[in-house]
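Have the 3D view open as you read.

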Amino acid sequence: MIPTQLFPALNLRMKCSISGPIDSDWEMAMDQLTVMVEQDMNDRCGDYLGNQGASTTSSGSDARMPIFQENQALDATARKKMIDWKFRVADHFGIDREVVASSTLILDRFLYKSKCNDRMTFKLAAMSSFFLAAKIQDQSQLTVDKLAELSRGEYSVKDIVQMEHMILQSLSWRVNPVTVQSFVHSFMNLVPIKNAMIKRAVYDRAIFFAELCLFDYSYVEKPRSTIAAAAILNALEGIDGGCLTGTACETEFIQEIQLLTALDLMGASLDMVREDLWYIYCISSQYHEEDMLCTEPAKDIMKGAGTVNRIEACPSSRSPVSVLSRKTTYSSQ
């Protein structure tokens, strides 16, 4: 039984894609994947919260970091709240949720370089990186005036624009990072599923895992390719209905990735990421709602209607419930 005090630790719910995964040209998709893996390896972020003791008065971009006032130190909780805010804004304005992922990667790398350690500056950097990522992905629904208005007077248009320029300079204009969602999209070409409906179910679930991982600060230093592979494997695990070959499907998928990318996905690190993703999923509103529907009559109705029961939420040795005993930062929130 999941402790009720954990709900709703995360309010995010899954948002199904309109078209689902797109089968790309094989050679082009593999070429893109090769470039993505290289970018993932060369564009990592470090533990900026663990290095807050470093000075913020050094030369270069650090010296230009604006400190507006003394306030609470930046921590993982503040980061999680800001990500939740960005998801709510994205859904409200109809912005692609991958903008949240891109902006978070931009923000994390900027904070690692700038050594920002106060929440006032962090919030401004989070808003500015969100606006920057939206512009890059041509999501014009959100203007800088609307963003300033959403800050409720905390920041002006000038503040947001100045911070945007600072982020661009600090990152040398490298502000189009490869996201976990990008890897999920490419990896889906390697999933041995022919049924389009089932493949879309796996894709939507994997994308949701990719969105959830943003909330956990420990994923900042993890390879995005590994997180994406774990997300797809977890999504495959949740498929029910006798339409897959279980472990054989997962094994074939991993082998294809390793053959084409030379990524090592057979170690314990992948299993750890998968368990952590299940835990984060378990404390989301999405899991709570599906757990309430996970009764035998409901399952019979779903199967009788010919639909795909996409999540095995009831307690079992392979369900997310089995990993709730893991000690994580969410258990105390």
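Predicted model: local features only at pLDDT ≥ 70, side-chain atom pairs only at ≥ 80, totals over all residues.

Residues are numbered from 1 along each chain as its sequence is written, and side-chain values use heavy atoms, with hydrogens and water left out.

**Salt bridges**

How many salt bridges does the structure hold? There are 14, where a salt bridge is a side-chain nitrogen of Lys or Arg within 4 Å of a carboxyl oxygen of Asp or Glu. Here are three of these pairs.

| Pair | Closest N and O atoms |
|---|---|
| Arg-109 and Asp-43 | 3.3 Å |
| Lys-123 and Glu-154 | 2.7 Å |
| Lys-135 and Glu-164 | 2.6 Å |

Take the salt bridge between Arg-109 and Asp-43. Arg-109 sits in helix 3 (residues 98-114) and Asp-43 in the loop between helix 1 (26-42) and helix 2 (76-93), so this pair ties together parts that are 66 residues apart in sequence. Helices here are DSSP runs (H or I, at least four residues), numbered from the N terminus. Arg-109 is buried, at 8% relative accessible area, and Asp-43 is buried too, at 9%. Buried means under 20% relative accessible area, exposed over 50%, and partly exposed in between (1.4 Å probe, protein chains only).

Next, Lys-123 forms a salt bridge with Glu-154. Lys-123 belongs to helix 4 (residues 119-136), while Glu-154 is in the loop between helix 5 (144-150) and helix 6 (157-170), 31 residues apart. Lys-123 is partly exposed at 27%, and so is Glu-154 at 36%.

Then there is the salt bridge of Lys-135 with Glu-164. Lys-135 is in helix 4 and Glu-164 in helix 6, so the pair ties together parts 29 residues apart in sequence. Lys-135 is partly exposed at 45%, whereas Glu-164 is buried at 6%.

**Helix 2 meets helix 3**

Helix 2 and helix 3 pack at about 150 degrees, their axes 10 Å apart. Which residues of helix 2 and helix 3 meet? Arg-79, Ile-83, Lys-86, Phe-87 and Ala-90 in helix 2 touch Val-100, Ser-103, Thr-104 and Asp-108 in helix 3, with contact meaning heavy atoms within 4.5 Å.

How values were computed: Helix = DSSP H or I, 4+ residues; strand = E, 2+ residues; numbered from the N terminus. Axes fitted to C-alpha atoms, helices over the stretch in contact; angles between N-to-C directions.
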